[in-house]
Amino acid sequence: MTAHRAPLRFSRSGVRGLEVSATLSVNERVRELWSSGETVYHLAFGESRFPVHPRVAAALAANVQRRSYLPTLGLPELRAAVAAHYRRRHELDVSPEQVVIGPGSKSLIYACLLALGEEVVIPEPSWVTYGPQAHLVGKPVTWVPTRAEQRYQIDLGILEQRMAQSRSTRGNPEVLVVNSPGNPTGTMTRPAEVEALASFARSNGLALLSDEIYALTAHGTVPHVSPARFYPEGTVVLAGLSKSLSLGGWRVGTALLPPGPDGASLVRAIQNIASNVWSCVTAPVQYAALVAYGDPEVEAYVDLCSRIHRVRTQH
């Protein structure tokens, strides 16, 4: 008798060697302990306890009847507001056409990894999602160790060595993921280091995925500077409202793509991916995000929250 095969046979990319996100697992476990009355000090998840700003909350409520699909790349007014925000707060010359709105920066990172390059280069330690996302899109990873005595910054000599080792075994490293303020180290990349890294990426033809989700909550003596300031043609800046306004559950992220024909091609590639995966970001949330990215009172609130983070951290 022929043995029946199980009807559910899993793909290697979806199951084999992949675990649930460590930070989300810890977060769920902490919630279980809290619900059982345990006292737990939660240090494992990037979510602060600041309340939703009243103007943002009011905008969400006022737009609750917005129930139609919005453009896949995002509400045009919101894309313009995000571009204006980056010109104003980060001194980046960005047009609305370069902005993509997605359901959290995590989804946009995934779309970029799917669209770009043959091999991903990731410094370690790193945020727990970069490696698994590369696994999901079926791309190998070249890991680049960083050291505490170097403030966990990328040593360009080691980076070059690891890339050469990959190429010697017929690898093709083409995308470098960077993250400042850093997760999980909390360290900042100094402006001169950002400029040197951008120059290295340009010389080696690397695309930079710059995860800047914590940019507006940075505090200390080192200013946040995006590599897009030095390498605009090859840098994708990823961010959102999750950290700066404590809105992780709202799932709204942004990607700033490079200018020019190559950037426009990447916009179309992400549009193709997004239209077949998430369609669009929730409509009421996009209208609320318009206030988050354009209201001076909300910007002042973000700065206040960042100062509170600094005082608490130093204390």
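**Helix pair α6/α7**

I looked up the handedness of the crossing of α6 and α7 and found it right-handed (the near helix is turned clockwise from the far one by less than a right angle). The model is predicted, with local features needing pLDDT of at least 70 and side-chain atom pairs pLDDT 80 or more, while totals for chains, interfaces and linings use all residues. Residues are numbered from 1 along each chain as its sequence is written, and side-chain values use heavy atoms, without hydrogens and water.

I took helices as DSSP runs of H or I with at least four residues and strands as runs of E with at least two, numbered from the N terminus. Helix α6 covers residues 156–168 and helix α7 residues 191–203; their axes come within 11 Å and cross at roughly 25°. That makes α6 roughly parallel to α7, as angles under 35 degrees count as roughly parallel. The axes are lines fitted to C-alpha atoms over the stretch in contact, and the angle, from 0 to 180 degrees, is between N-to-C directions.

I then listed the contacts (heavy atoms within 4.5 Å). From α6, L156, L159, E160 and M163 meet A196, L197 and F200 of α7. By class, this contact has six nonpolar, no polar and one charged residues. Ala, Val, Leu, Ile, Met, Phe, Trp, Tyr, Cys and Pro count as nonpolar, Asp, Glu, Lys and Arg as charged, and the others, Gly among them, as polar.

**Cavity**

I searched a 1 Å grid over the protein atoms alone; a cavity is a set of points where a 1.4 Å probe fits but cannot get out, and lining residues have an atom within 4 Å of a point. Points are joined across faces, edges and corners, and a volume is the space filled by probe spheres set on them. I got one cavity of 30 Å³ or more.

The largest cavity holds about 180 Å³. It is lined by 19 residues, with H85, L216, G240, S244 and Y293 closest to its centre. I noted at least two lining residues from each of α3 (76–90), β6 (235–240), α9 (283–294) and α10 (296–314). The most come from α3, with four. The lining has eleven nonpolar, five polar and three charged residues.

**Second largest pocket**

A pocket is an open set with protein on both sides within 12 Å along at least five of seven lines. Of its 30 lining residues, Q153, I154, V178, N179 and T189 are closest to the centre. I found that α7 gives the most to this lining, with four residues.

Note on methods. Parallel < 35°, antiparallel > 145°, perpendicular 65-115°, else oblique.
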